[in-house]
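Reader: I am new to this structure. Where should I start, and how do I read what I see?

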Amino acid sequence: QLQLVESGGGLVQPGGSLRLSCAASGVTLDYYAIGWFRQAPGMEREGVSCISGSGGSTNYADSVKGRFTISRDNAKNTAYLQMNNLKPEDTAVYYCAAADGSSWNPGSMWLYEYDYWGQGTQVTVSS
């Protein structure tokens with residue numbers, strides 16, 4: 001059973017940076033696409049970014065393009081989300097999720113395509 005654990009969240013000032021990590025255990029991550037999602041209070045969960053199992057394909061929500069970078073290190077069974085130039089509207093609980101690579105539509109950030117979810121990590125951007 002694949003288990004995911006996020007870390008790296010915290011409080012940061014506008015314009016600051018954070019790097020989130022998503023550590024997997026239970027199975028090798030190579031065959032899974034990884035997505036990062038976020039959910040602000042009172043809002044629906046939304047896709048932020050995703051990456052294919054090999055790392056060769058990535059996709060970003062328009063709101064984070066040019067500021068966030070997704071990556072993965074399959075040798076460490078870990079995925080990352082580097083977040084730069086953070087804005088107050090980026091405040092949310094961030095979740096990583098894994099989708100079976102054999103059924104995942106490349107670039108998809110549809111929640112229903114992701115079968116495994118972490119518990120989330122809080123990111124707060126405030127002065």
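Predicted model: local features only at pLDDT ≥ 70, side-chain atom pairs only at ≥ 80, totals over all residues.

## Reading the strands

Author: Start with a pair of strands. Strand 3 and strand 8 run antiparallel, joined by six bridges.

Reader: Which other strand pairs with strand 8?

Author: Strand 7 does, again in the antiparallel sense, over six bridges. Look for Arg72, whose bridge partner in strand 8 is Ala79.

Reader: Is strand 8 mostly covered or mostly open?

Author: Mostly covered. Five of its six residues are buried.

Reader: How many helices and strands does the protein chain have?

Author: Zero helices and 11 strands. Read along the sequence, the pattern is β-β-β-β-β-β-β-β-β-β-β.

Reader: How compact is the protein chain?

Author: Compare its radius of gyration with the globule rule. The radius is 13 Å, close to the 14 Å that the rule gives for 127 residues, so the chain is as compact as a globular protein of that length. Its C-alpha atoms fill a box of roughly 40 × 25 × 25 Å along the principal axes.

Reader: What share of the residues counts as buried?

Author: Of the 127 residues, 46%. The accessible surface comes to about 6,300 Å², and 48% of that belongs to carbon and sulfur atoms.

Reader: What share of contacts joins residues at least 24 apart?

Author: Take contacts between residues at least 6 apart in sequence: 61% of them join residues at least 24 apart.

## Reading the cores

Reader: Which residues have the most contacts inside the largest nonpolar core?

Author: The general idea comes before the case. In soluble globular proteins, nonpolar side chains tend to be buried together. Here the largest nonpolar core has 28 residues, and those with the most contacts inside it are Leu4, Trp36, Phe68, Leu81, Met83 and Tyr94.

Reader: Which strands each supply at least two residues of this core?

Author: Strands 3, 4, 5, 7, 8, 9 and 11. You can find strand 4 at 32-39, strand 9 at 92-100 and strand 11 at 121-125.

Reader: What does Tyr94 touch?

Author: Leave out residues up to four places away in sequence. Among the contacts of Tyr94 are then Leu20, Phe37, Val48, Phe68, Leu81, Met83 and Val123. Glu6 and Arg38 are on its list too.

Reader: Which residues does the second core include?

Author: Ala33, Ala97, Ala99 and Tyr114 are among its eight residues. This core is separate. Tyr114 is also touched by Ser108, as are Cys50 and Glu113. Ser108 lies in the loop between strand 9 and strand 10, and at 7% relative accessibility it counts as buried.

## Reading the loops

Reader: Where does Arg67 lie?

Author: In the loop between strand 6 and strand 7.

Reader: Why does Arg67 count as buried?

Author: Because its relative accessible area is 9%, and the cut-off for buried is under 20%.

Reader: What lies 3.0 Å from a polar atom of the Arg67 side chain?

Author: The backbone oxygen of Asn85. Arg67 also touches Gln82, Met83, Asn84, Leu86, Lys87 and Asp90, among residues beyond four places away in sequence.

Reader: What is the phi of Asn85?

Author: Most residues other than glycine have a negative phi. Asn85 has a positive phi of about 50°, although it is not a glycine. Asn85 sits in the loop between strand 8 and strand 9 and is partly exposed, at 41% relative accessibility.

Reader: Which residue takes a positive phi in the hairpin of strand 7 and strand 8?

Author: Asn77, with phi near 55°. This hairpin has four residues between the strands. Asn77 is buried, with a relative accessible area of 15%.

Reader: How far apart are Thr28 and Lys76, in sequence and in space?

Author: They are 48 residues apart in sequence and 9.4 Å apart in space, C-alpha to C-alpha. Thr28 belongs to the loop between strand 3 and strand 4. At 37% relative accessibility, Thr28 is partly exposed.

Reader: What does the side chain of Thr28 make a polar contact with?

Author: The side chain of Asp30, at 2.5 Å.

Definitions and conventions. Residues numbered from 1 in each chain as written. Heavy atoms only, no water. Buried < 20%, exposed > 50% of the residue type's maximum accessible area, 1.4 Å probe, protein only. Polar contact = N/O pair within 3.5 Å; in protein donor to acceptor, adjacent residues only side chain to side chain. Contact = heavy atoms within 4.5 Å. Core = buried A, V, L, I, M, F, W, Y, C linked by side-chain atoms within 4.5 Å. Rg over C-alpha atoms; globule rule 2.2 N^0.38 Å. Areas by Shrake-Rupley, 256 points an atom, 1.4 Å probe, with all protein chains shown as cover. Pairing = 2+ DSSP bridges.
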